[in-house]
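Have the model open beside you as you read.

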Amino acid sequence: MYGMAGLVRRRRGSIDHIKSTVSMAQKSATIMGRPINITIEPTNICNLKCPVCETGAGVLGRERRTMTMDQFKKIIQKIGRHTNTIMFYFMGEPFLNKHAYKMIRYAKDSDIPFVDSCTNGEFIQPGRLIDSGLDRVSFQICGMTQDTHQTYRVNGDLARTINNLKETLRLKRERSSSIRIETGFIVMKHNEHEIDEYKRYMSELGVKRASVIAPCVRTIDQGKELLPANREFWVYDEVAFLQGSLRPRVLPNNFCPWIYYSIAIHVNGDIVPCCRDPYGKEIMGNIFDQSLDEIWNGKRYRNFRTRIHNNQKSVGICRLCSSYPPSAIH
C-alpha cells in the first residue's frame, strides 16, 4: 500500500518497496528490492545516563566512536540510490557529532526524500538545524519538572531542552521552514501524573504532534521500578509480568516486515537488521568494506531471514520486540 502510493508520486525507493513486498509475501530469504529505510548512527556517545538505554547504562560493549564526514559520505554514496528515508540516530545523541548538520545537508543534497532525527535537545543549534534541511525532529523529554525529567534522563537539563525547542519553533516560523518539529514524552511511573500538563504545554508552544511514548525496559526489575501504573501505556503482557516473565503483548510469529525494507548501520559501519540490535549480535557485514548488494542478499542475511521464518523464538534480538510495520514511502 505504501509502495503504491509512493510509486504514484514517483518517490525514491517506491519500486524497491514493491519488489520487497513481493519477496515478503513469498517469505523469501533473498529480497528483490533494496532497503529503503536506513538507520545511521552518527555517534554511540551520549551525555545522559538513562538506565534502560545500553549507552546510558554503560553496557553497550562497543567502542565509543563518532562517524566522520567522509564515512557518512561513503555510506550515502553506497545506499543513496534506493533510500527513501534516513533515520539519523541510534545509540547516542546524534547532535554530539560536530558534523551532524553537514551530514544531514549532504543527505538532502543527495536527494534523499526524508531525513528524520530524534534528540534529547540539549546540544541542538536551532539555526543550523533549520538550515540543514532536516525533514523531522523529535525532542524527547521525561518530565515537566527538572526533578521528574532527570529521574530517568540522568544528567539531563530540562530547561536547556525546552529553550532549544522554543527557539527551533520560533526559527521555523521566522524562516517559513517545512521541518516537522515534534516532541515525545516517555511515560513512566514517576511522571505519568504529568501527561495532561505536557500535552497542554506543548499545545501552547505550537507543537503539532506531542506524543506520549510507552516505555521500554529490559528486565523485570526495571519494569517494577519504571513501568507506569496505567497499563494503557504498557507494551508488555501483564499476566506474564506478574508471573515474573517479561514479554510483549504482541509476539511476532515467524514474520518480520522490517527485515525486508530496512537496515541499521552502526557508527563503525557494521550493518545489523534493526534497532533491536544495539550490541551488534547479528552483524550482516560492514558497509565501509562491502557493497550494499553483497551484504543485503549475502549468506548471513539469507540465513538470518530463514531463522526468522522458521524459528523466530530462537532469535535473541526479537525477544522483546512487538514487530514493526512495513516502512512508509515519504
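**From fold to detail**

Of the contacts in the protein chain with a separation of 6 or more, 68% are between residues 24 or more positions apart; contact here means heavy atoms within 4.5 Å. This is a predicted model, in which local features need pLDDT of at least 70 and side-chain atom pairs count only at pLDDT 80 or more, while totals for chains, interfaces and linings use all residues. Residues are numbered from 1 along each chain as its sequence is written, and side-chain values use heavy atoms, with hydrogens and water left out.

The protein chain has 13 helices and nine strands, taken as DSSP runs (helices H or I, at least four residues; strands E, at least two) numbered from the N terminus. Of its 330 residues, 56% count as buried, that is, under 20% relative accessible area with a 1.4 Å probe and protein chains only. Along the principal axes, the C-alpha atoms fill a box of roughly 55 × 50 × 40 Å.

Now find Arg34, in the loop between α2 (14–25) and β1 (37–40). Is Arg34 buried or exposed? Arg34 counts as buried because its relative accessibility is 18%. Leaving out residues up to four places away in sequence, Arg34 touches Asp16, Ser20, His82, Asp293, Trp296 and Asn297. With one of these, Asp293, the side chain of Arg34 makes a polar contact of 2.4 Å (a pair of N or O atoms within 3.5 Å; within protein, one must be able to donate a hydrogen and the other to accept it, and residues adjacent in sequence count only if both atoms are side-chain atoms).

Terms used
Buried < 20%, exposed > 50% of the residue type's maximum accessible area, 1.4 Å probe, protein only.
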